[in-house]
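Reader: I would like to learn how to read the features of a structure one at a time, with the general idea before the case.

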Amino acid sequence: MDKYDLIIVTHEAFPHGMAATNRILSYARELSNTYKVKVIVVRPSERAENMLNSEAKGTFCGVDFEYSAGTTIWPFKRNKFVKLMTLLRAYRNLKKLLKAHRPSSVIYVSRSQALAFLLNKWSKA
């Protein structure tokens, strides 16, 4: 598995999204001129009937990205248990990806306090 200098962890849709996505993409594109950068999206962001981001893994404008849940589609119409299992799988895979890539730095771009807590805990392990 590739080693990345910088990993950006977010809940924002990627590579197509709103202002936060564009900001992340702008920073990542510029940083990728010097460093190996990857964006990891923790929470799937798309509705199956209106999908902008169809690839769960790839490269966009020179920036590698991956949805840690393995899919871009969020189970909007499913029950809470399915949603919880999707998030838990994404968090587990995020931990595996961070351990495998061993980045020099991680930038966290999200409002999730749970994810902030986990990233802080994992960084001390």
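Author: Let us begin with charges over rings: a charge sits over a ring if NZ of Lys or CZ of Arg is within 6 Å of the ring centre and within 35 degrees of the ring normal. The model here is a predicted one, in which local features need pLDDT of at least 70 and side-chain atom pairs count only at pLDDT 80 or more, while totals for chains, interfaces and linings use all residues. Residues are numbered from 1 along each chain as its sequence is written, and side-chain values use heavy atoms, with hydrogens and water left out.

Reader: Over the face of which residue does Arg43 lie, and where does the charged end of Arg47 sit?

Author: Arg43 lies over the face of Trp74, 4.0 Å from the ring centre, and the charged end of Arg47 is placed over the ring of Phe76, at 4.0 Å from its centre.

Reader: How many salt bridges does a search of the whole structure find?

Author: A salt bridge is a side-chain nitrogen of Lys or Arg within 4 Å of a carboxyl oxygen of Asp or Glu. The search of the whole structure finds one, and Lys38 forms a salt bridge with Glu66 in which the closest N and O atoms are 2.7 Å apart. Because Lys38 belongs to strand β2 (residues 37-41) and Glu66 to strand β4 (residues 63-67), the pair ties together parts that are 28 residues apart in sequence; strands (E, at least two residues) and helices (H or I, at least four) are DSSP runs, numbered from the N terminus.

Reader: Are Lys38 and Glu66 buried or exposed?

Author: Buried means under 20% relative accessible area, exposed over 50%, and partly exposed in between, with a 1.4 Å probe and protein chains only. Both Lys38 and Glu66 are buried.

Reader: Which residues touch the most other members in the largest nonpolar core?

Author: In soluble globular proteins, nonpolar side chains tend to be buried together. A nonpolar core is a set of buried Ala, Val, Leu, Ile, Met, Phe, Trp, Tyr and Cys residues joined through side-chain atoms within 4.5 Å. The largest one has 15 residues, of which Val9, Val42, Leu94, Leu115, Leu119 and Trp122 touch the most other members. At least two residues of this core come from each of β1 (6-10), α2 and α3 (113-124), and the largest share, five residues, is supplied by α2.

Reader: What should I look for in the backbone?

Author: One feature is the peptide bond between Phe14 and Pro15, which is cis, with omega about 5°; Pro15 lies in the loop between β1 and α1 (19-31). Another is a positive phi in a residue other than glycine, as in Cys61, where phi is near 55°, and in Arg102, where phi is near 45°. Cys61 is found in the loop between β3 (57-60) and β4, and Arg102 in the loop between α2 and β5 (105-109).

Reader: Why does Arg102 count as exposed, and why is Cys61 partly exposed?

Author: Arg102 is exposed because its relative accessible area is 57%, whereas Cys61 is partly exposed because its relative accessible area is 42%.
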